[in-house]
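Reader: I have the sequence and the structure open and have not looked at either before. Please take me through them.

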Amino acid sequence: MTHQKLIEKKQAETALQPIDLSGNDVLAKVKEYLKKGVEALWERHRQGASGFEIVQGYTALIDEFIKALFQKMESEVRSQESGVKSQETAVVALGGYGRGELNIKSDIDLMLLYSNKLTPYIEKLTQRMLYILWDTGLDVGFSTRSVKECIALAKDDLKTKTAILDARFIAGEKTVFDEFKERAQKEVFREKEIEKFIKEKTEESKTRQTKYGGSVYILEPNVKEGEGGLRDIHTALWIAKARRGIDGIEDTLADKGLLRRDAAERLKASIDFLWRVRNELHFESKKKTDQLTFDHQEKMAKLFGFENTRESLAVEKFMHQYYRHASNLSYFSALIMNRCIHGPVSSPPLHCKEEKGIDDNFKMCDGALTLSNHKAFEESPESIMTAFEHCAKFNVEMDNFTKDKIIKNRFRIDGSFINSKKVGESFFSILKNDRSFEVLQDMRRLRVLERYMPEFEDITCRVQHDMYHVYTVDAHSLFAVRELGRLRSAEYKKEFFLLAEIMEEVKRPALLVLSVLLHDIGKSFGKGHAEKGAEIVPKICGRLGLPEEDIAAVKFLVKNHLILADTAQYRDLHDERLVIEFAKKVGDTERLNLLYLLTFADVRAVGPEVWSHWKGALFHELYFKALTVLERGTFEIEEAKDKLPKIMKDVAKALEGEVSGDAVEDYFQLLPQRYFLSNSAETIAEHLKIVYHLQSQPYIMRVKQNMERQYTEVIVCTLDAHGLFSKITGVMAANNINILGAQINTLKNGIVLDILQVNSPMGDIITDEQKWVNAENDLADVLAGKISVERLISRRKPSVLDKKAKPKVHTRVDVDNEVSDVFTVIDIHTQDRIGLLYTITSALSKLGLYIHIAKITTKGDAAADIFYIKDIFGQKIYYKERLREIRTAIFEALGEEAPLIDE
C-alpha cells in the first residue's frame, strides 16, 4: 500500500471533517481547524495510540488543510486577478511530510511545481498561499520550481535528489507531478547515477552518526539523527527506493529480497516505538526537539507504563526498551543497505580472483571468509561458531553471503548448540585470539552472542540512569575486551607500559578475556551485581568445558572486579592494615595481576572521559603496595619503631645546613607516626621547611605540579582554627578548582599542614598563574575574616552544564568503624554540585569533628566524598546516638531528610 493510500485510509478512519475556507476570515478558520486537530491527536496519543497512527493522522490533517488552501487560493487568483492566465500546477509534499511521517511541530516542506516558465499566475498563487501559511504558526518550508529546474538541480545536489524520492502529490494537476517523477527516474536515477547516490548517502550517514555520538547507546540519544535513530531507516529506504523502486516501509521488503517478513514486522514495531517517543518529545516540549534528555526519559517512563522495582528504575526499563528498538532499527537499516548494495540473501560470490580452501565448509575468497558448502549451517549448526573462529584465526571478515546465511539459520542456535563441547572449544579459541573484540562485536551485531549466551542477552541494551555509565552494559563489556586487546598496541605499550608488560606475562589470556566479558553479567539482577554475577559464572564456564581451577579463577575475578578500584579511590592507601587485608583477599600475585588488568579495562571502557592519570596513579599505588605484601609472604604489619630512626636520619641529611638536627627531632614529636611512614624523606623535609618558615606569617601557601600523576599539589600551612579545612575547600570551589584528595595534619603546637591534590574540572593540572593568585588572595581574605566563604561561592556563576537536567542521584551516608583502626570513616554519595565539599565539611566542623583524610571521587554527576575523622578528643566515634546525629546533620546540610533505616 502506497503512502498516499495509507494517508487517505487514515483520513477515513479518523473521520476528519473537511475544512471550510469559504468567506473572508480564512486564517482564523485555519488556526481553529489545526488547533482542534492537534488536540484530538494529543488525546489519542495520551490514550496509547501508536506512533504510526499519530504521524499519519497529523499528515492527513495537514493534507486536508493544504488541499483546501490550494483550492481556495487557486480559485481566488483565477477570479480576482484579471489578465492573469491560469497555469497547470501541483502542490508536492517533501521530506518527512512527503513520506507521510509528520510529527507534531516538525517542518512541513512544500513545493509548488509547474511545467513550463514562471508566470504571474504562479507568483500570485505563491504569494496568496504563503500569506496564510506563514501566519498559521506552522514551520513551513516552501519552494516554487518548474519540473525542469528540479531535474537540473537534482543532478548536482544530493539534498534535492533525496527530496525527489520522498515527493508526494497533494493537490493540483496530477499530470504535472507524474511528468516530474517520470523525468526524475529517467534522468536523475540512471544506473550510473544510482551508484553515485548510494555512495554519497552512505558517506553522509557515517558523518551524521559520528556527529551525533557514534553509537546507538549514548546517554541522551537523538531520536532522529543519532545512530539507531529514524534517519538510519530513512537512509536505508532512500537507497532501496533508488535501487529497488520500493515505495516505503509499507512496501513488501520481503518480496524485494531485502528482509524476511518477520524481520520487516520487527522493524516496523521499532520504527513505531521511536515515532511514539518523538511524538511525545514534540507534544511535551511544544517545539521540534529530538534529544531524549534525562528529564524527558523520566517522564516518558511513566507514560509508557514502566514502574520502579527493587531491581531497576522505571526510567532504566524504558531506556532498555528504547535501546532495543534503536538497535533493531540500526541493524535492519544496515541490512537493507547492504542487500541493496551487494545483492539479496541468496547470492553467493560468483567467482574468486584468489581462492583458498579451509575445510569442507569454508574457503577464503578474495580475502574474505565464505561458505564453500552453502548448506553447512543447515547440516551442522555448530559451523556457525566455526565461521567466527575462522575469522579470528585468519584475521578476516565474513562476506555478506555468509552473514546472511547465519542470520537465516540463527534459529538453529538451541540448547544442544549452547551445550555443545565443540562449540565451546570454538568460542574459547576466539577468546584466545588478538581479534577477540572484533569477532565478539560481529557476533553481537549478528545477534549470535546473545543467543549462544542467554545470560548476555539479559544485559543487552541494559542501561544505568546516570551520567557516569556512557554505554549500555553489553556495549561496555565488549569495549572492556577491546581495552585489553589495545594493551598489545604500540600506543598503549608506550602510555601504559607496566600494564602492557603484565598483559604479556598472563599465562592464560583467554580466561582474562572471558572474565572481562562476564564481569557485569549480574547487572540484570539489580544491586550486588558482582556477587550475583559470580553465582552464574560456573554455569557459563561449565558449558565451555573449563576445568574447576579455571572456573574458580573467573568466578573470583567477576566477584571481586570492583575491589581494587573501590579500595584505591575510597580508602586511605597509607593504612598498612588496609593494604594487607586487600592483599590477603586477592591471595597471590597472579590473581593480583589479573585483577589489575580487569580494573584497567573496566574503568577505561566506562566512557571516554572516565579514566584519568589520578585514578591510574591510585590503582598503580595499591597494586605495588599489595604486590610488596604478597612477595614478602607474610600478612603481618611491620614494626614502625624500626623504621622511624632511619627516616629521621634521612630527613636531617636532606635539611643539613638549612634546619638544625634539634628542629628535625622536635618535628618528629609533633606529628603521629603514620605521617612519617606515609611520606618520603624528601616530602617530610619539604613540609618541615614550610612549617619552620611560618613563624609570624599568617599562612604559607605553596603550589607545585605533579607531571607524572597529572595533578596540582597545594600545601597550606597556618595556625589551626575551627573549620579551617572547610574554609579551604570553599575557596577552592569558589575558584573552580577540583579537589581530588586531602591530608590534614595538625601538629601538637597548633600549626596545621594541609596537603591537597587538585585539578581543573576538565581533569588537567592547573598552570594558570592568575588563578592561583586569585585563590591565594581569597584564602587570605577568608582567614582574615574579610569575606565569608558563602559569599565567595555565591559569586561563582553556574555553567550551562550545571543548569542542565540530570538524573537524580540517591544520597547515601555510610559510617564504617571497621576499615581503620584509628579513624571513623564516613562515606557520602550524593549529587555533585557547586560547593558540595564545603557544605559537607562545614557540617562536620559544626559537629566538632576533625577531618584527617579526605578522598573525593566524581562519577558523572555523582560525588563520592570519603572522610577519615576523629572526635574532639582524638578518638573514633562508636556511640550509636552520636553516629545517628552525624548522619542526620549531613543529610540536613544536603537539603534532604535522613532515612530512618540505612538502605
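Reader: How many helices and strands does the protein have?
Author: This is a predicted model, in which local features need pLDDT of at least 70 and side-chain atom pairs count only at pLDDT 80 or more, while totals for chains, interfaces and linings use all residues. Residues are numbered from 1 along each chain as its sequence is written, and side-chain values use heavy atoms, leaving out hydrogens and water. Helices (DSSP runs of H or I, at least four residues) and strands (runs of E, at least two) are numbered from the N terminus. The protein has 41 helices and 16 strands.

Reader: What percentage of the residues of the protein count as buried?
Author: The C-alpha trace spans about 110 × 75 × 50 Å along its principal axes. Buried means under 20% relative accessible area, exposed over 50% and partly exposed in between, with a 1.4 Å probe and protein chains only. Of the 903 residues, the buried share is 55%.

Reader: Among contacts between residues at least 6 apart in sequence, what share joins residues at least 24 apart?
Author: A contact means heavy atoms within 4.5 Å. Among the contacts in question, the share that joins residues at least 24 apart is 70%.

Reader: What is the strand order of the open sheet of eight strands?
Author: Strands of a sheet pair through backbone hydrogen bonds, either parallel or antiparallel. Two strands count as paired here if DSSP finds at least two bridges between them. In this open sheet of eight strands the pairing is antiparallel, and the order is 9-10-12-11-15-16-14-13.

Reader: How many bridges join strand 15 to strand 16?
Author: Strand 15 covers residues 850–859 and strand 16 covers residues 862–870. Their hairpin has two residues between the strands, and Gly 860 takes a positive phi near 65° there. Ala 854 has Phe 867 of strand 16 as its bridge partner, and Thr 857 stands opposite Ala 864. The two strands run antiparallel, and the number of bridges is nine.

Reader: Is strand 16 largely enclosed or left open, and how many of its nine residues are buried?
Author: Strand 16 also pairs with strand 14, in the antiparallel sense over eight bridges, and Thr 830 stands opposite Ala 863 in strand 16. Strand 16 is largely enclosed by the rest of the structure, because the number of its nine residues that are buried is eight.

Reader: What angle does helix 36 make with strand 12?
Author: Helix 36 (residues 724–734) packs on the sheet and touches strand 10 (711–719), strand 11 (738–746), strand 12 (751–759) and strand 15. Axes are lines fitted to C-alpha atoms, for helices over the stretch in contact, and angles run from 0 to 180 degrees between N-to-C directions. For helix 36 and strand 12 the angle is about 30°.

Reader: At what angle to strand 13 does helix 41 run?
Author: Helix 41 (residues 880–893) lies across strand 13 and strand 14. Its angle to strand 13 is about 150°.

Reader: Is Ser 820 buried or exposed, and what is its relative accessible area?
Author: Ser 820 is found in the loop between strand 13 (812–816) and strand 14 (824–831). Not counting residues up to four places away in sequence, Ser 820 touches Asp 575, Arg 577, Val 825, Tyr 868 and Lys 876. Ser 820 is buried, because its relative accessible area is 2%.

Reader: Which cysteines form the disulfide?
Author: A disulfide is a pair of cysteine sulfur atoms within 2.5 Å, and a search of the whole structure finds one. It links Cys 352, in the loop between helix 13 (314–342) and strand 5 (355–357), with Cys 365, in strand 6 (residues 362–365), 13 residues apart. The link is left-handed, with -110° about the S-S bond. With sulfur atoms 2.0 Å apart, the pair is Cys 352 and Cys 365.

Reader: How far apart are the end C-alpha atoms of helix 13?
Author: Helix 13 is largely enclosed by the rest of the structure, because 22 of its 29 residues are buried. The expected span of a helix is 1.5 Å times one less than its number of residues. For helix 13 that gives 42 Å, which agrees with the distance between its end C-alpha atoms, 42 Å.
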